[in-house]
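Subject: The model you asked about

Hi,

Here is the structure, with the sequence alongside. Have a look first, and then read on for what turned up in it.

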Amino acid sequence: MPRPKPPSRPVKISDLHGHFHEFSPQEIHFRPAAYGLLVQNQQILLSLSRFSGKWDLPGGGIEPWETLEAGLTREFFEETGLVVNVQQFLGLRESFIAFFRYPFHSLRFYYQVENTSSSSQELKPENHELLDLKWWPLNQIPLGQMNADDISIIQHYLQGQDPGKPVTN
């Protein structure tokens, strides 16, 4: 099968606020990222993004030389101050997004993580990227203030289902 060719027209890509911009296909870069779902004492840890104003699962972009697990451990620590052990793979989500005026083909890998920090470890939100970090009771997760991909991963996890499958209502 021949390798696909880029489109001949500009590609419309949404930014974090839902505004569309056109980009040349050659400008689009891959951005692998890993995010951790941490549940303790019937609460989930979420971070409030300074960029989107939405609650997210902690994590972020992986460097080209890092494994997904190493990058997730680093990102989780940078954003929260917590040391985690990467557990079960929960799913992959993909989209096109414009971030800081750059277009990305985003590949987001989600994992369940376990907190290995001491129980008295204080949360330390990374103030360049986060407005807040908060433990949310599982029955009070702010779904209306989150992106659809994080919601689907969390819902599948809570329902004990395969996160790779879409949620059915």
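Let me start with what "pocket" stands for below. On a 1 Å grid over the protein atoms alone, a pocket is an open set of points where a 1.4 Å probe fits, with protein on both sides within 12 Å along at least five of seven lines, and its lining residues have an atom within 4 Å of a point. Points are joined across faces, edges and corners, and the volume is the space filled by probe spheres set on them. The general idea is that rolling a probe the size of a water molecule over the atoms shows where empty space is left.

Please keep in mind that this is a predicted model: local features need pLDDT of at least 70, and side-chain atom pairs count only at pLDDT 80 or more, while totals for chains, interfaces and linings use all residues. Residues are numbered from 1 along each chain as its sequence is written, and side-chain values use heavy atoms, with hydrogens and water left out.

**The pockets**

The second largest pocket holds about 220 Å³ of space. Its lining is made of Pro6, Pro7, Val11, Pro25, Ile28, His29, Phe30, Phe96 and His105.

The largest pocket has a volume of about 930 Å³. It is lined by 37 residues, and Leu16, Arg31, Tyr35, Phe99 and Arg108 lie nearest its centre. Two or more lining residues come from each of β3 (29-37), β5 (43-49), β7 (59-61), α1 (68-80), β8 (84-99), β9 (102-115) and α2 (148-159). These elements are DSSP runs numbered from the N terminus: helices are H or I of at least four residues, strands E of at least two. In this lining, 15 residues are nonpolar, ten polar and twelve charged.

**The chain as a whole**

The protein chain has two helices and ten strands, in the order β-β-β-β-β-β-β-α-β-β-β-α. Its radius of gyration is 17 Å, close to the 15 Å that the globule rule gives for 169 residues, so the chain is as compact as a globular protein of that length. That radius is taken over C-alpha atoms, and the rule is 2.2 Å times the number of residues to the power 0.38. Along the principal axes, the C-alpha atoms fill a box of roughly 55 × 35 × 30 Å.

Of the 169 residues, 40% are buried (under 20% relative accessible area; exposed is over 50% and partly exposed in between, with a 1.4 Å probe and protein chains only). Contact here means heavy atoms within 4.5 Å. Among contacts between residues at least 6 apart in sequence, 64% join residues at least 24 apart.

**The cores**

The largest nonpolar core has 16 residues, and Leu37, Ile44, Leu46, Leu57, Met146 and Ile154 have the most contacts inside it. At least two of its residues come from each of β3, β5 and α2. Apart from it lies another core, of 15 residues, including Phe76, Val84, Val86 and Phe109. A core of this kind is a set of buried Ala, Val, Leu, Ile, Met, Phe, Trp, Tyr and Cys residues joined through side-chain atoms within 4.5 Å.

Leaving aside neighbours within four places in sequence, Leu37 is in contact with residues including Ile44, Leu57, Val113 and Ile154. Val84 sits in strand β8 and is buried, at 5% relative accessibility. With neighbours within four places again left out, its contacts include Thr73, Phe76 and Val113.

**Some single residues**

Ile13, in strand β1 (residues 11-14), is buried at 0% relative accessibility. Ile13 and Phe104 are 91 residues apart in sequence, with their C-alpha atoms 8.7 Å apart in space. Ser47, found in strand β5, counts as buried at 1%.

Neither is a glycine, yet phi is positive at about 50° for Asn41 and about 60° for Gln42.

Best wishes

Note on methods. Ala, Val, Leu, Ile, Met, Phe, Trp, Tyr, Cys and Pro count as nonpolar, Asp, Glu, Lys and Arg as charged, and the others, Gly among them, as polar.
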